[in-house]
Amino acid sequence: MKRFRRLRQNEVIRDLVRETRLSVKDFIYPIFVIDGENIKIPVKSMPNIYQYSIDRLHEILDEVRESKISGVVLFGIPKQEDKDEYGTQAYAENGVTQRAVRYIKKHYPEILCVVDVCLCEYTSHGHCGVVQSGEILNDETLPLLCNMAVSLVKAGADMVAPSDMMDGRVAAIRQALDDNGFKNTPIMAYSAKFASAYYGPFRDAAQSAPCFGDRRSYQMDFTNPKEALSEVETDINEGADIVMVKPALAYLDILKEAAQKFSTPIAVYNVSGEYSMVKAASIQGWIDEKRIVTENLIAMKRAGASIIITYHALDMAKWLNE
């Protein structure tokens with residue numbers, strides 16, 4: 001009789017034969033940067049997550065550096081009065097995100113600085129593209145995304161991550177970066193980004209809820225796995241260096257299939273709703289947070305993720321370092 005339990009007898013043996021492992025280097029931590037001074041505002045729907053003004057970024061960046069995780073992804077929040085129909089603060093030379101990038105690369109050069117490329121936090125209407133008569137225009141949005149990507153890389157960003165889900169944006173951004181002398185700047189594309197209810201807390205954090213309608217005309221229908229793989233393949237063909245599946249837990253089947261089909265590195269975004277559900281249950285004492293988070297992140301790694309963007313990154317790094 002085959003006795004599988006021989007290799008489960010104690011922690012030393014279990015660790016010796018463990019097939020999937022997490023490393024602090026797997027993680028990227030999202031940070032919300034808000035315009036203003038001396039600001040650290042808790043996000044009510046995301047326990048232990050805050051909006052930081054640039055002069056207080058050191059409070060979280062010191063933790064990131066100490067944790068040894070790979071890097072951060074930035075989401076900028078301009079002042080409400082600076083938002084407009086075209087999201088001009090997204091590509092302003094002295095926009096909040098551009099200034100945050102310069103600050104990070106000056107004071108924390110060893111931290112990989114990824115920047116989200118999307119207009120939703122910067123537009124007065126909250127949509128990810130140019131709006132005309134209630135329609136989100138695809139081709140008219142592409143030049144603005146290119147301007148944003150170029151301006152952020154000029155500020156010092158190490159990688160751009162377009163999350164808007166406009167068709168053709170990876171090719172357009174790749175061309176714009178190349179034309180401006182940034183041939184070596186990688187693109188991490190939100191390729192299979194689904195129109196998901198799991199984003200609710202993020203929209204509180206980023207102040208980016210749309211003022212009308214929803215995003216289902218450009219984010220993916222969550223019923224379509226074949227289309228998701230086509231989106232991933234298209235972004236790879238357009239020049240994406242890393243592709244992403246978002247959200248994570250409800251889409252592990254998509255992640256697994258993409259990892260098996262493509263050799264391009266795949267990231268997964270463990271999104272705000274997934275994070276907040278775990279935190280809420282933990283606060284109530286209903287679950288063991290450390291064990292649940294570890295199990296969830298291992299599931300993402302096991303399914304094929306090379307990179308995990310997660311709000312749990314700093315906690316997980318502490319647990320791993322213990």
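Is Arg-169 buried or exposed, and at what relative accessibility?

Analyst: The model is a predicted one, and what follows should be read with that in mind. Arg-169 has a relative accessibility of 2% and therefore counts as buried, since the cut-off for that class is under 20%. Its side chain takes part in a salt bridge with Asp-164, in which the closest N and O atoms are 3.4 Å apart. Asp-164 is buried as well, because its relative accessible area is 0%.

Arg-169 is also one of the residues touched by Ser-191. Ser-191 belongs to strand 9, which runs over residues 188–193, and with a relative accessible area of 0% Ser-191 is buried. Setting aside residues up to four places away in sequence, the contacts of Ser-191 include, besides Arg-169, the residues Met-165, Glu-231, Val-232, Asp-235, Val-243 and Met-244.

A search of the whole structure finds 18 salt bridges. One of these joins the side chains of Glu-59 and Arg-56, with an N to O distance of 2.6 Å. Here Glu-59 is partly exposed, at 25% relative accessibility, and Arg-56 is likewise partly exposed, at 21%. Another salt bridge is formed by the side chains of Arg-65 and Asp-62, at 3.6 Å from N to O. These two residues both lie in helix 2, which covers residues 57–67, and they are 3 residues apart, about one turn of the helix. Arg-65 has a relative accessible area of 37% and so is partly exposed, while Asp-62, at 35% relative accessibility, also counts as partly exposed.

Returning to the pair in question, Asp-164 and Arg-169 form their salt bridge at 3.4 Å between the closest N and O atoms. Elsewhere, salt bridges that share partners join Glu-11, Arg-14, Asp-15, Arg-18 and Arg-21 into one network.

Leu-16 lies in helix 1, residues 11–16, and is exposed, because its relative accessible area of 69% is over the 50% cut-off. Together with Leu-7 and Val-17, Leu-16 makes a nonpolar surface patch of about 300 Å².

How values were computed. Residues numbered from 1 in each chain as written. Predicted model: local features only at pLDDT ≥ 70, side-chain atom pairs only at ≥ 80, totals over all residues. Heavy atoms only, no water. Helix = DSSP H or I, 4+ residues; strand = E, 2+ residues; numbered from the N terminus. Buried < 20%, exposed > 50% of the residue type's maximum accessible area, 1.4 Å probe, protein only. Contact = heavy atoms within 4.5 Å. Patch = residues over 30% accessible without salt bridge, like charges linked within 9 Å, V, L, I, M, F, W, Y side chains within 5 Å. Areas by Shrake-Rupley, 256 points an atom, 1.4 Å probe, with all protein chains shown as cover. Salt bridge = Lys/Arg side-chain N within 4 Å of Asp/Glu carboxyl O.
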